[in-house]
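Open your viewer and get ready to select pieces of the chain one at a time. At each stop you will hear what to pick and what is there.

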Amino acid sequence: MTTVTLPGVYTPQDDTDLLIRFLRDEILPPHAEVLDVGTGTGAVALAAARLGARVTAIDISWRAALNAKINALLARLAILVRRGDLLAPVSGRSFDLILSNPPYVPAPTAACPRRGAARAWDAGHDGRLVLDRICEDVPGLLKPGGVLLVIQSALSDPEETLRRLRAAGLDVGIEEHRSVAFGPVLRSRSGWLRDHGLIEDDAGKEELVIIRAVRL
């Protein structure tokens, strides 16, 4: 299967592959409505489309939105791609499954970047600027019985994600812990992460966490 990654768009990595694996384990109703938040190249959205779902993909980056459209054309799969800030483009709609591989990396800067490739991973000092918005806004877009699958790093406090989703009335738990080697971003800021107590001196791996939440 031919796919492309445009300059400035997040290249699918371990977190993408892990989210796709759990997506494939979900039992979806016929013609399920699926939303991919922060689609990047469209890899997760296209995996959902291959399962027969009706897929909407969102990204704030115009490059990413274009990239997802290109890859959908190359794959000959129909997905609806929208550019916009998180869930704003689908206000008023509801979904059987919402997927997200959001920015979750703790960063020296307090705010999310407004442009550039780092928008795909930097999420404030605690890595939660986007995760907290997902926890607040996603529950209202899930159909009864609808599922949220989100992946994040253990560096960005999965327990806080669980707490927020439970407070929103969802049945939630951690489905998977996966240890992976630091990628280029974490390697480049390992000193900052150590200084802030987020990693040990000899750390060279991070833990990825898959969280599954269900609207009862």
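In which hand, left or right, does H4 pass H5 in their crossing? Keep that in mind while you set up the view, and remember that this is a predicted model.

**Stop 1: H4 and H5**

Select residues 129-137, which form helix H4, and residues 158-167, which form helix H5. Two packed helices are described by the angle between their axes and the distance between the axes. Here the angle is about 20°, and the axes are 8 Å apart. Angles under 35 degrees count as roughly parallel, so H4 is roughly parallel to H5. Now for the opening question: H4 passes H5 in a right-handed crossing.

Next, show the side chains where the two helices meet. On the H4 side, pick Leu-131, Asp-132 and Cys-135. On the H5 side, pick Glu-160, Thr-161, Arg-164 and Leu-165. Sorted by class, this contact of H4 with H5 has three nonpolar, one polar and three charged residues.

Stay with H4 and colour its buried residues: Val-130, Leu-131, Asp-132, Ile-134 and Cys-135. What covers them? The cover includes H5, strand S4 and strand S5 (142-153).

**Stop 2: H1 and H2**

Move on to helix H1 (14-25) and helix H2 (residues 43-50). Their axes come within 10 Å and cross at roughly 20°. With the limit for roughly parallel at under 35 degrees, H1 and H2 are therefore roughly parallel to each other. Their crossing is right-handed.

Which residues make this contact? Select Thr-16, Leu-19, Ile-20 and Leu-23 in H1, then Ala-43, Val-44, Ala-47 and Ala-48 in H2. By class, the contact of H1 with H2 has seven nonpolar, one polar and no charged residues.

Look at the H1 names again with one general idea in mind. An α-helix has 3.6 residues a turn, so residues three or four places apart point the same way.

Now keep H2 alone in view. How many of its eight residues are buried? Six of them are, so H2 counts as mostly covered. Among these buried residues are Leu-46 and Ala-49. The elements covering the buried residues of H2 include H1, H3, strand S1 (33-37), strand S2 (54-59), strand S3 (79-83) and S4. Just after H2, click on Gly-52, which takes a positive phi of about 95°.

**Stop 3: Asn-67 in H3**

Select helix H3 (residues 62-75) and find Asn-67 in it. Is Asn-67 buried or exposed? Its relative accessible area is 0%, and under 20% counts as buried, so Asn-67 is buried. Not counting residues up to four places away in sequence, Asn-67 touches Val-4, Thr-5, Leu-6, Val-9, Gly-40 and Thr-41.

**Stop 4: two positive phi values**

Go to Arg-76, in the loop between H3 and S3. Its phi is near 55°, a positive value in a residue other than glycine. Arg-76 counts as exposed, at 79% relative accessibility.

Then try Leu-86, in the loop between S3 and S4. Phi of Leu-86 is also near 55°, again positive in a residue other than glycine. Leu-86, however, is buried, with a relative accessible area of 11%.

**Stop 5: the loop between S4 and H4**

Select Ala-123 in the loop between S4 and H4. Ala-123 is buried, with a relative accessible area of 0%.

**Stop 6: an aromatic pair**

For the last stop, select Tyr-10 and Trp-121. A pair of aromatic rings is described by the distance of the centres and the angle of the planes. Here the ring centres are 6.4 Å apart and the planes lie at 55°, so the pair is tilted. Where do the two partners lie? Tyr-10 is in the segment before H1, while Trp-121 is in the loop between strand S4 (95-100) and H4. The pair links distant parts of the chain, 111 residues apart. Trp-121 counts as partly exposed, at 21% relative accessibility.

Methods: Residues numbered from 1 in each chain as written. Predicted model: local features only at pLDDT ≥ 70, side-chain atom pairs only at ≥ 80, totals over all residues. Heavy atoms only, no water. Axes fitted to C-alpha atoms, helices over the stretch in contact; angles between N-to-C directions. Helix = DSSP H or I, 4+ residues; strand = E, 2+ residues; numbered from the N terminus. Parallel < 35°, antiparallel > 145°, perpendicular 65-115°, else oblique. Left-handed = near helix turned anticlockwise from the far one by under 90°. Contact = heavy atoms within 4.5 Å. Nonpolar A, V, L, I, M, F, W, Y, C, P; charged D, E, K, R; others polar. Phe/Tyr/Trp six-rings, centres within 6.5 Å; stacked < 30°, edge-to-face > 60°. Buried < 20%, exposed > 50% of the residue type's maximum accessible area, 1.4 Å probe, protein only.
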